[in-house]
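Subject: Structure handover

Hello,

Below is the structure I said I would pass on.

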Amino acid sequence: MTIASSSPPSRLPLGDATGAGTGTKSRTRRPAPRENQGDGRLAAVFIAPALLGFVVFLLWPTLRGIYLSFTRFNLLTPAEWVGLDNYVRMVHDPIFWDSLAVTVEYVVINIGVQTTAALAIAVLLQRLTQSALLRGIVLTPYLMSNVVAGLVWLWILDTQLGIGNEIISALGVDRIAFLNDETWAIPTIALINVWRHVGYTALLLFAGLQAIPGDMYEAAKVDGASEWRMFWRITMPLLRPVLAVVLIMTVIGSFQVFDTVAVTTAGGPANATNVLQYYIYGSAFGRFQFGYASAMSVALLVVLSAITVLQYRLTRAGQTDLG
């Protein structure tokens, strides 16, 4: 007679049937959803035209210009490598430094007047009225090209036939040669560009003001704060990041002034409005000194980069006081 064994049958540990040890969970990698892969391809399709334009019209010309700044090139003969000769010439060129000084004068007048006027307009739009029609009227001069704006003001300010000088003469004041006098020329060009751009700058600041919570002003009114005090204690601190970005944009644009000078004074009188961009243009397309013009362009790029970094850090453009 056979006696059955009393030893219990062997059992697999819990979870072994599924291929995982006791107390562990199976980990499997899930493939990325096809929808995300499709979104990536679609994004690449939309980005491609802008990327192509950036490479063709910005990156490649910049790299080409940096290379030409170390050469002597006049379009008629192959570029000849001259090393730092163009930069040495630039350092010893009095016209270059005079053009830079004229440009800085223009930038100071343009930025000072434009920023102050734009900030005042934006605050008035935000505190008194938010009419879309009024905003459209403010933006109207910006819809005009720089060339057209320059020509219009050239006719208005003409010493003999301009309506501006006709009004001045009717008031018993001597006519002013706004664009033909060394003292008046740069301030006049700066104010022409202020007139054209101030509406656009004001709308950028107005958009920043819209992000400031209205209950802050209500609480300040309850505490008895005046409009002037609210402007300095609430508006300016909270608008700082937007104002910083606007200043960076306007400074870069101001250093690149060209159109208005070209159609009104052509750098005169006596180089009083010979801004740096106009001098670069004259060197390249007037005297065919493309290597030297490229060196001045690179110098302008370095100056603008340094100013942008300095502005960004001093104004703390990447930070906000909104909690």
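From the N terminus on, the order of elements in the protein chain is α-β-β-α-α-α-α-α-α-α-α-α-α-α. That comes to twelve helices and two strands, where helices (H or I, at least four residues) and strands (E, at least two) are DSSP runs, numbered from the N terminus.

Please keep in mind that this is a predicted model, in which local features need pLDDT of at least 70 and side-chain atom pairs count only at pLDDT 80 or more, while totals for chains, interfaces and linings use all residues. Residues are numbered from 1 along each chain as its sequence is written, and side-chain values use heavy atoms, with hydrogens and water left out.

Confidence
The mean pLDDT (the predictor's confidence in each residue, from 0 to 100) of the protein chain is 86, and 86% of its residues reach 70 or more. Where pLDDT is low, the predicted coordinates should not be read in detail.

Chain as a whole
Of the 323 residues in the protein chain, 34% are buried (under 20% relative accessible area, with exposed over 50% and partly exposed in between, for a 1.4 Å probe and protein chains only). Among contacts between residues at least 6 apart in sequence, 66% join residues at least 24 apart.

Pockets
A pocket is an open set of points on a 1 Å grid over the protein atoms alone, where a 1.4 Å probe fits, with protein on both sides within 12 Å along at least five of seven lines; lining residues have an atom within 4 Å of a point. Grid points are joined across faces, edges and corners, and a volume is the space filled by probe spheres set on the points.

The largest pocket holds about 710 Å³ of space. Its lining has 23 residues, with Pro61, Gln277, Ile280, Ala293 and Ser297 nearest the centre. Helices H1 (34-68), H11 (276-286) and H12 (290-315) each supply at least two residues of that lining. By class, the lining has 16 nonpolar residues, six polar and one charged (Ala, Val, Leu, Ile, Met, Phe, Trp, Tyr, Cys and Pro count as nonpolar, Asp, Glu, Lys and Arg as charged, and the others, Gly among them, as polar).

The second largest pocket has a volume of about 300 Å³. Asn110, His197, Thr250, Gly253 and Ser254 are the closest to its centre among the 19 residues that line it. H7 gives the most to this lining, with five residues. The lining of the second largest pocket has seven nonpolar, eleven polar and one charged residues.

Aromatic rings
There are 17 aromatic pairs in the structure. Rings of Phe, Tyr and Trp (its six-membered ring) pair if their centres lie within 6.5 Å; planes under 30 degrees apart count as stacked, over 60 as edge-to-face and the rest as tilted.

The ring centres of Phe70 and Tyr87 are 5.4 Å apart and the planes are at 45 degrees, so this pair is tilted. Phe70 lies in the loop between H1 and strand S1 (71-72) and Tyr87 in helix H2 (residues 85-91), so the pair ties together parts 17 residues apart in sequence. Phe70 is partly exposed at 22% relative accessibility, and Tyr87 is buried at 17%.

One aromatic cluster is formed by Phe73, Phe258, Tyr278, Tyr281, Phe285, Phe288 and Phe290.

Regards

How values were computed: Contact means heavy atoms within 4.5 Å.
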